[in-house]
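Subject: Structure handover

Hello,

Here is the structure I promised to pass on. My notes follow below it.

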Amino acid sequence: MEKRVLVLNMDHSPIAVVSAQKAIVLTLLEKANVLTTYDLLEIRTVSRSFSYPAVIRLNEYKSIPYRGVLLNRLNVFRRDNGECQYCGSKKQLTIDHVTPKSKGGKSSWTNLVTACNRCNVSKGDKTPEQAGMLLRIRPFKPSLSYFLAEYAERQASEWLPFLHVKVVES
Ligand SMILES: [Zn+2]
C-alpha cells in the first residue's frame, strides 16, 4: 500500500495529507521541504530516485479558513471509537442528540454522540439526567490532529512527533 505524506503549514501545524507524488512535486517546485522520510523506501522515476517523504513543511504560510474536522455521522462514530457512549455496545449504532432537538439541542460536536439503537430508544426524548443514563465521556470537538494521530499510529509512526494532539473545546 502506498504511504501517505503529512503536510505541515509553515508554522508546523498539520493541514493536509497528500500522496507521495504530490509531495515530491511540491518539493521540486521548492514549495515545501522534506522534514522526515520513511526508512527503507524510495520512489524511482526513469532517471532518478527520491527518498520517500513522510512529513513535509510548506515554505509559505497558507491560510486555511476551516481547519476542523467535518461534522458528520461517520466522524462522530470515529471520535467515539465506534462505541455507544452510554453502554459501550458496538452494535446497531445511531447518532443521539444529548439534549434532544425538541428541547433546543443542536447538531454540534458537543451535543452529538454515538448511541446504540437500544440506548437511543430508551433515552427517547429526554436528557441523560432525565433518563438516568450517564455519558462515558463529555462529547468534544476533535481537532484534525486527533484523527491524523489515529492514522499515524497504524500507518505512519514517522508523523507522531509532528502531531500535537489536543482536544479543542467549543
Ligand atoms: Zn447503548
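Let me start with one cysteine. Cys116 is buried, with a relative accessible area of 4%. Keep in mind that this is a predicted model.

Together with Cys84, Cys87 and Cys119, Cys116 is a protein donor of the zinc ion. Each donates through its SG atom, lying 2.3 Å from the metal. What is the arrangement around the zinc ion? It is tetrahedral, because the four donor atoms subtend angles of 103 to 115 degrees, and the rule asks for all angles between 85 and 135 degrees.

The spacing of the donor residues in sequence is C-x2-C-x28-C-x2-C. Cys87 and Cys116 are 29 residues apart and link distant parts of the chain. Cys87 sits in the loop between helix H2 (73–79) and strand E5 (93–97). Cys116 belongs to strand E6 (residues 112–116).

Cys119 counts as buried, at 7% relative accessibility. Cys87 is partly exposed, with a relative accessible area of 33%. As for disulfides, a search of the whole structure finds zero.

Next, the overall layout. The protein is divided into domain 1 (5–65) and domain 2 (73–131). Their centres, taken over C-alpha atoms, are separated by 39 Å.

Now the rings. How many aromatic pairs are there? The count comes to two. Tyr38 and Tyr52 make an edge-to-face pair, 5.6 Å centre to centre, with 70 degrees between the planes. Tyr38 lies in strand E3 (residues 32–44) and Tyr52 in strand E4 (residues 49–58), so this pair ties together parts that are 14 residues apart in sequence. Both Tyr38 and Tyr52 are buried.

Tyr151 and Trp159 form a tilted pair. Their centres are 5.1 Å apart, and the angle between the planes is 35 degrees. Tyr151 counts as buried at 19% relative accessibility, where the cut-off is under 20%. Trp159 is also buried, at 0%.

Last, two arginines. Which rings do their charged ends sit over? For Arg78 it is the ring of Phe147, with the charged end 4.4 Å from the ring centre. For Arg79 it is the ring of Phe140, at 5.6 Å from the centre.

Best wishes

How values were computed: Residues are numbered from 1 along each chain as its sequence is written. This is a predicted model: local features need pLDDT of at least 70, side-chain atom pairs count only at pLDDT 80 or more; totals for chains, interfaces and linings use all residues. Side-chain values use heavy atoms; hydrogens and water are left out. Domain bounds come from an automatic or database domain assignment. Donors are N, O and S atoms within 2.8 Å of the metal (3.2 Å for Na, K and Ca); water is not among the atoms, so sites may look incomplete. Four donors count as tetrahedral if all angles lie between 85 and 135 degrees; four count as square planar and six as octahedral if opposite donors are over 155 degrees apart and all others between 65 and 115; anything else is irregular. Helices (H or I, at least four residues) and strands (E, at least two) are DSSP runs, numbered from the N terminus. Buried means under 20% relative accessible area, exposed over 50%, partly exposed in between (1.4 Å probe, protein chains only). A disulfide is a pair of cysteine sulfur atoms within 2.5 Å. Rings of Phe, Tyr and Trp (its six-membered ring) pair if their centres lie within 6.5 Å; planes under 30 degrees apart count as stacked, over 60 as edge-to-face and the rest as tilted. A charge sits over a ring if NZ of Lys or CZ of Arg is within 6 Å of the ring centre and within 35 degrees of the ring normal.
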